[in-house]
Amino acid sequence: MARTNTERARQSLVAAPPLVFLVVFFLAPAIIMALASLRYPGEFGALAPLVATKPGEEAGLTAENYRLFFSDSIYLEIFVKSFGIAALTTLLCLAGAYPLALLMARSAKRRRDLMVLLCVLPFASNFLVRVYAWMIMLGPFELLFTPIAVICALVYVHLPFMVLPLYTNLERHDPLLLDAAQDLGANAWQCFWRVTFRLSLPGVFAGSALVFIPVLGVFAIPEILGGIGDWLVGNMIKEAFLGVRDWPFGSMLSIMLTLCVLAIAWVTARLARLGGGRA
Amino acid sequence: MRRILVLVLVLCSAHLRADEVLRIFNWNNYITEESVREFEARCGCRVAQDYFSDNEEMLAKLAAGATGYDVIVPTSNAVETLIRSDQLQRLDKSKLPRLANTKPEFLRQDFDPDNRYSVPYAYSVTLLGYNVEKLRELGVATDTWAALFDPRQLVKLKGRVTVLDSQRELFGAALIYLGYPVNETDATRLRQARDLILRAKPYWAAFNAGSYAKELAVGNIWLAQGYSIDMQLARQDAARAGRRFRIGFSTPKEGAVFALDNLVIHKSARQVGLAHRFIDFWLEGRAPASITNAIGAGNVNRVAMQWVDPAVAANRDLFPDERALKQLQQVRDYDRHTRRLLNRLWVEVKVR
Amino acid sequence: MRRFALGVEIVAMLVVFASFFAGEARHAVIGIGVALLGAAALGGVSGAKSGGQRGVPGFWLWYASIAVYAFLYIPLAIVVVFSFNDSKLNAEWVGFTLAWYERLLADEGMLIAAANSLFIAFVASAVATSLGTLAGIAMHARRLRLLPVLVFAPVAMPEILLGVSLLIFFLNAVQPALGMVGVDFQLGLASVIIAHVSFSIGFVAIIVRARLAGTDEAIFEAARDLGATPWQAFRLVTFPLILPGIVAGALMAFTLSLDDFVITFFTAGVGTRTLPLEIYTMIKVAVTPEVNAVSTLLMLITLATIVIASRIAPDALRSQA
């Protein structure tokens, strides 16, 4: 890409609006809450003041919250479990979404719109009502309040997040490439794996990110459908904010979660670049 | 088309009459439509309700600084927090002539001894709801918390029991069963409660706060810890659906948690006069009676009893008598350190 | 053979679905449904030819896709059908009634909430899509450092944190700042929209970037070589290419906004009601079929909107190759 000054200026102009918006309406609030993880919980919940107004009151900054986290293996257990469930959900979503996205991408032009629409339509209905529908479905199978129920609902809710990025990527693929591969003697499976899947990797990563990350923060589904053992990081964070009113602790957990996610994203991006990048 | 026009007009007129809107922050479906309309007609104003489904949500929002609510309906422990964090206005008793309609046992509570800030609204009891036929068949006693915590009883109910997904409620029940007060702060005793819970946990199906009534009414669950209002709903629904079992509920003899909801006026309220009129309207008694009849909410009003459906009024679990009331305890907020301790124990309860 | 197997699969789905109304015979009915499904699979296997040749979708692709669509739609069908359920609890089929729709149409609060939700969703997805597209393009063009983190982090952050932090920010920073300039900023639709845009930008940007990543660079270079100005290159080449990504991102932002509860709860002002706020607070009481009714209506509205939009802009979701 040309690196002339005008080119760079233009690119900065393109990046500016979202950058400004996010700095104001995300970075600033995020810093406030990141700071919150370094404070004491207030007497009645929320945050203790930064400057003590009463004698003997705990105030100011502290690393206590982080110390609590690292001094206790139980929190790590929950994190690991949540990551496991998120990974499983992502894989299942991938398995379910890929055929659908492939079909959509290869269908006749007229049908594609309808198929995308059909994919997104369920999500115009309310989330809670869909989860209740799952309760109705799982009840007779005695699967209610089990990990299977949670996974089913998680996959169900996040499937279109995988379909859409995959579809927009697969739709770009040139069928001539497949022809070429076949002419060179590849069988159907090789055609798929070596050509189609490889080319679709950016879409796969995008979709995986859009499923994996929200699932990590989810709390409603385990709450409603989960059994006694289904308690994830999202639940723990919700409990901190809306159960004990311990904002510093909740904030600390959220920061830890965000850092983990960013770390994984960075590692994945690195691997993707090393592994072959753009086809 | 006409409806859309009406909607637009309503939205516009709502904006025009912005000065006379009473903003209430209440539990969903905790006041009937007719009551709201009756009050609107009387005061010539509009009532706008926002909802919350948990005290904590409401407290979190207020703690972050949200203003604009005139009247709020918090539970006692939340009222205490609001008073102590200086978020409420004093009530002007001269504007509340009907305060005397309240049953005396609900006035002068610990958290607000002179009712300076709050007036009782309604209440519910956390008790056991169950499938009458199934539990009789299995020979499980339903008037005791042992049904929930004793492995010898639980083994008959494995996988068919749910408990509330609330730290204070579940630990409260455990503490009561062990003979300790609900607001116990001693770390050793709290750990005892945790151990009790962990012993019983393998037999439970889920920690459930929202759908146990449904599952009871359908028959997937046979025993649930829950609120009296929800159990009433489950019973009615099971009957209407023509199920072959009935849903019953009872307050365990060891005692139970009792949640008294109250009317308070927020410090930043703009419509203080209207707020007082609303509270006095509630104290009259018709509005509480209508919500009692509708959902089985406990009624704190002497005068209102005449309008309450006799079948509902006769229910000892929805309307505990004086003696039973003494067994019921209200949850009071813990201090910061006990909160953290309990949270840590809760994490163990959930994970182990 | 393939058509037959597909047909059997569809029948099996219908059978399983119908079992939810079959009462006690339910287990038997489900068994039949599953057996039919297995038969369909066997039929499919025996008569299958692997697909993927020359871009024509093969049998397996169809089969798998229909299975996934069924997975998506059976719960939805339950939602719609149960909106006619004569029971206060959303638990089992009791009887048929239109009462919930009547109640819904008379329930001003719910209707206003639905209208608000749609309005917020439209505006938020429009803004988020614009900003997200710009971000996606910028991130694809150059390996920036700050923007990807800012775009990505709201997606990574738990909603509660985002909600609480935005609330604190609005009340303690935005309100006083605007107050000094004489603007009375109150929490309301605006604050909700801003919050929704914040977390949606990331979704759109990721999709747009993935779309660009699957595109051959040569096309852009060709456009430049042919003498197109950057603006022309964008308008005639880039934009049509990424349009499906933009539309997909917009759809995603729309649905995310429509269904958001946590962030909306914290950033909504007094009196701002959205549908999720109405519905989630019903959990403690009873989530009546009125909620199913409003969901059904919302789906119909969305369906109608998209059908109309696709008539107006029929090629929005396909590349202009």
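## Interface between the domains of chain B

The area buried between domain 1 of chain B and domain 2 of chain B is about 1100 Å², with carbon and sulfur atoms giving 40% of it; buried area here is the accessible area (1.4 Å probe) that two parts lose on being put together, summed over both. Domain 1 of chain B covers 21–123 + 259–315 and domain 2 covers 124–257 + 331–351, with bounds from an automatic or database domain assignment. The contact (heavy atoms within 4.5 Å) takes 12 residues from domain 1 of chain B and 10 residues from domain 2 of chain B.

This is a predicted model, in which local features need pLDDT of at least 70 and side-chain atom pairs count only at pLDDT 80 or more, whereas totals for chains, interfaces and linings use all residues. Residues are numbered from 1 along each chain as its sequence is written, chains are lettered from A in the order in which they are written, and side-chain values use heavy atoms, leaving out hydrogens and water.

## A salt bridge

The rule finds one salt bridge across the interface of domain 1 and domain 2 of chain B, a term for a side-chain nitrogen of Lys or Arg within 4 Å of a carboxyl oxygen of Asp or Glu. The side chains of B:R332 and B:E80 form a salt bridge at 2.6 Å, N to O.
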